[in-house]
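Dear colleague,

Please find below the structure I promised to pass on to you. I would be grateful if you could read the notes after it with the structure open beside you.

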Amino acid sequence: MSDWSKVTRPIPVPNEWTRPFWDSAKLNVLAMQRCQSCRHFQHPPYATCVQCMSVDLKFEPVKGGGTIYAYTIMYHTGDKRFASAVPYASIVVEMDEAPGALMAGNLLEAEYTEAKVGRRVEVIFEKLNDDITLPQFRLAR
Amino acid sequence: MWENRCKIVVSGVGYSKVSRMADIPLAAHALEAVKGAVADSGLEMSDIDGLATYPELPATGHAEIDGISVVSVNCMMAMLKLPNLTWHIQVGTTNIGGAVQQATNALLAGVCKYAVVWRAMHNPRGTYQNLPGAQAAGATQFTAPYGFGGPGQGMAVAYTRWLEKNNQTRDKMATLAVTQRKHTQHNPHAYFHGTPLTREDYFASRMVAHPFCLFDCDIPVQGAVAIVLTTADRGRDLKPKPAYLAGYGQRLHFETAGRIGSLSSYMEGGSSSAKLTWERSGFTPKDVDVAQIYDGFSASVIYGLESYGFCKEGEALDFIQDGRIELDGDLPLNTFGGSLGTGRIHGLWHIIEGALQASGRAGSRQVKDANVSFVGASAPIVTGTTFIFVSEPY
Ligand SMILES: [Zn+2]
């Protein structure tokens, strides 16, 4: 299993579009940006709904179940902050309620070889510091 | 069809030395390439009245210093002191192919007569993706914390999606890497000229970001290439046989910044650009005699082949087998070696090769009876452009 214990993850810097996402994550809730006009979920958050141009956007909680849309197994150690974890799985997840909204994560609590397109995963939360908690994924239980 | 088809030509082309690291600043490479292209055209520097480039450094965490890590239009103006300069531009949304298209538009508008376009690429010392700092701001806040650092991983995720969705394996990509390296041996300017690659080498190479091994990634180098564009009537009087621009297109698709792994972003980027190019030129993929498709990472070629319409979705890795992309195959591909052979110079070298094949100037790698020459320059996702060059106006 990838050893994440010595990895120093870059800390996300929330901005006016993304702050509600991180505020929810801190409470261990995954909330995604949703258009209040056409109900389209989008990620990453954006200034407008990229489906209908509405500016009426809110963050709504999602249940946390999803499917691996794509993944890569990282072997290159060029980024020293992550070098101690290689090989590790970086995955892209499509949440059940938000088709088309693709979220990045790592596959945790499993061998990196378990990452496969179409496999079911669920969100878990990794606290980075008092301000930022990172949504992550493990295989669905 | 486009009313301006075959009114603009590529004339001379030029190259600097391409090396892993260089002791001279990048500006000197750009100057060497530009001088080469002007001389190849049989022109004097004082004839040049248009300048265009795309000066981005794709490495992260390194300072952009004009003349050292990038070569801007301003830098070139300072070096050349062109007495008759009338027009210049730097582009943003379409990589170097956009600079070629803007030069085309300027020539058609009559605001310059002989335009030079160059692409200069720096290889910084230390780690290429030298990701700085402890924070991830902007679009990277949703990717960098998970180890998505460089473009390789971003490309790799879409590639696994493509492979597993289509029940394919990465083994078949060896054909692309080995065939392009074979083509490279006919290109004395390329970084890997003189260094062959076998299937065994490909399978034995270290993984970078699965499914990409080392030989799926173009090697960062320092170097520059350049071309001279002019109008067809002027081009016919110059030294080399011109390559006529039959049509071009640019990607019309963009998904929000920071969206990662989306296969549709590649496919729709590529198809939107190609559609314009087929409509403007009047050709279809079946008419194409030789193709150059951007290959900064090998998977770009499969997205290109499929989104441009050379084969169906999911079939590109089968399409490139059985000698089809050899110099004497049905669709000779990346005949100059591609970026995998030349080193990372982005898409201008693909455009150069497309023009050389159309004008019959490709030397020992010339494809027989190449009349319709297609180019997909740069990865379709972010900045893709497409071109068709022909040997004679029609
Ligand atoms: Zn909407």
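The notes below take up a metal site and then a pair of helices.

Please bear in mind throughout that this is a predicted model.

In chain A, the zinc ion is coordinated by the SG atoms of A:C35, A:C38, A:C49 and A:C52, at 2.3 Å, and these donor residues follow the spacing C-x2-C-x10-C-x2-C along the sequence. The angles among the four donor atoms run from 103 to 115 degrees, and the site is tetrahedral; for comparison, the ideal angle for four tetrahedral donors is 109.5 degrees. As to accessibility, A:C49 counts as buried because its relative accessibility is 1%, under the cut-off of 20%, whereas A:C38, with a relative accessible area of 29%, is partly exposed.

In chain B, helix α8 (residues 263-281) packs against helix α9 (residues 299-307) with the axes 8 Å apart and at an angle of about 50 degrees, which means that α8(B) is oblique to α9(B). The crossing of these two helices, α8(B) and α9(B), is right-handed. On the α8(B) side the contact involves B:L263, B:Y266, B:M267, B:G270, B:S271 and B:A274, which meet B:Y303, B:E306 and B:S307 of α9(B).

Terms used: Residues are numbered from 1 along each chain as its sequence is written. Chains are lettered from A and ligands numbered from 1 in the order in which they are written. This is a predicted model: local features need pLDDT of at least 70, side-chain atom pairs count only at pLDDT 80 or more; totals for chains, interfaces and linings use all residues. Side-chain values use heavy atoms; hydrogens and water are left out. Donors are N, O and S atoms within 2.8 Å of the metal (3.2 Å for Na, K and Ca); water is not among the atoms, so sites may look incomplete. Four donors count as tetrahedral if all angles lie between 85 and 135 degrees; four count as square planar and six as octahedral if opposite donors are over 155 degrees apart and all others between 65 and 115; anything else is irregular. Buried means under 20% relative accessible area, exposed over 50%, partly exposed in between (1.4 Å probe, protein chains only). Axes are lines fitted to C-alpha atoms, for helices over the stretch in contact, and angles run from 0 to 180 degrees between N-to-C directions. Helices (H or I, at least four residues) and strands (E, at least two) are DSSP runs, numbered from the N terminus. Angles under 35 degrees count as roughly parallel, over 145 as roughly antiparallel, 65 to 115 as roughly perpendicular and the rest as oblique. A crossing is left-handed if the near helix is turned anticlockwise from the far one by less than a right angle, and right-handed if clockwise. Contact means heavy atoms within 4.5 Å.
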